[in-house]
Amino acid sequence: MQIPFITYFAEYLGFFIAFFANLTLIHLILTRTRQNFGSYKYLMLWFACFSLWYSIIDILTQPAMHSYLNSYIVFCASWFKYDPFLAPIIITSYCTSYGLTLVLLAIHFVYRYIAMIHPNQIQWFKYPRALIWPSIFIVIAIFWWCNVYFLLSSNATFNAYLNETIYENYEERIERLSYIGPLYFIIGDKGDIQIQWKSCLGMINVYCIAITTLVTIMSLGYAVYKKMQSVNDMVAEKTRALQKQLFHALVLQVPPLGRKIKLKIENFQTIVPIIFMYTPTTVLFICPIIGVELGVIANMTSICLALYPALDPLVVMYFIRDYRAFLMKKLRLTRSVSSATRNTSITKHEEDII
């Protein structure tokens, strides 16, 4: 058995869509973003550039995933897979890029929270204080890369544990592949449990960052959502409309309990990170702990992660009205640009709270 064709197909499809979609979004951010976006323009540009990088490292890695008993691995299946020098660097960079995507999402939510609820603190996203965010990003990048490379990389015990299943499912010798992943514990012949502390420590570090970003996204997103439900006469209607566009392009909207949930196109992008980033990896992380073997099905996670950088810019371009109107005009899907795309004058206070 080889790596499922759908995995390769999704990775190539995701790359081509993500590459052109993110380039288009970068162009729109640079040329079609209103002044009242303030510092958020640069945060959007940062995310779009990183999504472009993520799509490139994904296609260079072409990651395949496999879950076996109390372990799972992510291995390089691209044309670099047998390279003893490049393959470990590429697969480690791929896993690091996943973690940094979560960090960037969390930073987005911090910005929206401050802009909406504590606008007097917006200086944290203006030079020179704004340098704290790329600094945090770089520190986490180095920490995540080292954590994966030194604590979750291949070893002799892991090779022996996976050798048979990898050959049966992929016709590959595990010692020839570059992979990362945890082996949580081994159950001996007498039923004794041998905990693999190195892998466990590495995954604890991963869990801490992933859970921190998820809590940040959910808690701050809900706070912004509640704030937007209240009417604020101090803010112009056009400013509120722009805030809603940005929020709809970012936040997971959770309806109050008891309210009927309606699946609309407007809600699609808000659930993209949950469906394509958090959910599949959470399943992949937890199943080996509880002894659920996914086998080749684990490649569904690889598919989801490959599609995320392709879907996200498409939905952003849909929700930001100026971007959507410009693209529709270029594609001749509308006769004229909506009047909402015209530049409007705003007060300094309104610009700061965007």
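Which residues does Tyr94 touch, not counting residues up to four places away in sequence? Keep that in mind while you set up the view.

**Before you start**

This is a predicted model, where local features need pLDDT of at least 70, side-chain atom pairs count only at pLDDT 80 or more, and totals for chains, interfaces and linings use all residues. Residues are numbered from 1 along each chain as its sequence is written, and side-chain values use heavy atoms, with hydrogens and water left out.

**Stop 1: the whole chain**

Show the protein chain as a cartoon. It has 11 helices and 5 strands. These are DSSP runs numbered from the N terminus: helices are H or I with at least four residues, strands are E with at least two. Now show the surface. The chain exposes about 17,700 Å², and carbon and sulfur atoms supply 65% of that. Such areas come from the Shrake-Rupley method with a 1.4 Å probe; for residues, only the protein chains shown count as cover. Of the 354 residues, 50% are buried. Buried means under 20% relative accessible area, exposed means over 50%, and partly exposed lies in between.

**Stop 2: Tyr94 and the core**

Select Tyr94. Here is the reply to the opening question: Tyr94 touches Tyr54, Ile57, Asp58, Thr61, Pro63, Met65, Val74 and Leu305. A contact means heavy atoms within 4.5 Å. Tyr94 and Phe125 have the most contacts inside the largest nonpolar core, which has 70 residues. Next, select residues 86-117. This is helix α3, which gives the most to this core, with 16 residues. Another core, of 16 residues, lies apart from it; Phe75, Leu177, Leu183 and Val296 are among its members. A nonpolar core is a set of buried Ala, Val, Leu, Ile, Met, Phe, Trp, Tyr and Cys residues joined through side-chain atoms within 4.5 Å.

**Stop 3: Ile303**

Move to helix α9, residues 299-319, and pick Ile303. Is Ile303 buried or exposed? Ile303 counts as buried because its relative accessibility is 8%. Ile303 touches Ile6, Thr7 and Ala10, not counting residues up to four places away in sequence. Ile303 and Ile6 are 297 residues apart along the chain, yet their C-alpha atoms are separated by 8.0 Å.

**Stop 4: a nonpolar patch**

Select Phe5, Phe9, Leu13, Ile17 and Leu314, which make a nonpolar patch of about 480 Å². Helix α1, residues 5-31, gives the most to this patch, with 4 residues. Phe5 sits in helix α1. Phe5 counts as exposed because its relative accessible area is 65%.

Notes. Patch = residues over 30% accessible without salt bridge, like charges linked within 9 Å, V, L, I, M, F, W, Y side chains within 5 Å. Salt bridge = Lys/Arg side-chain N within 4 Å of Asp/Glu carboxyl O. Buried < 20%, exposed > 50% of the residue type's maximum accessible area, 1.4 Å probe, protein only.
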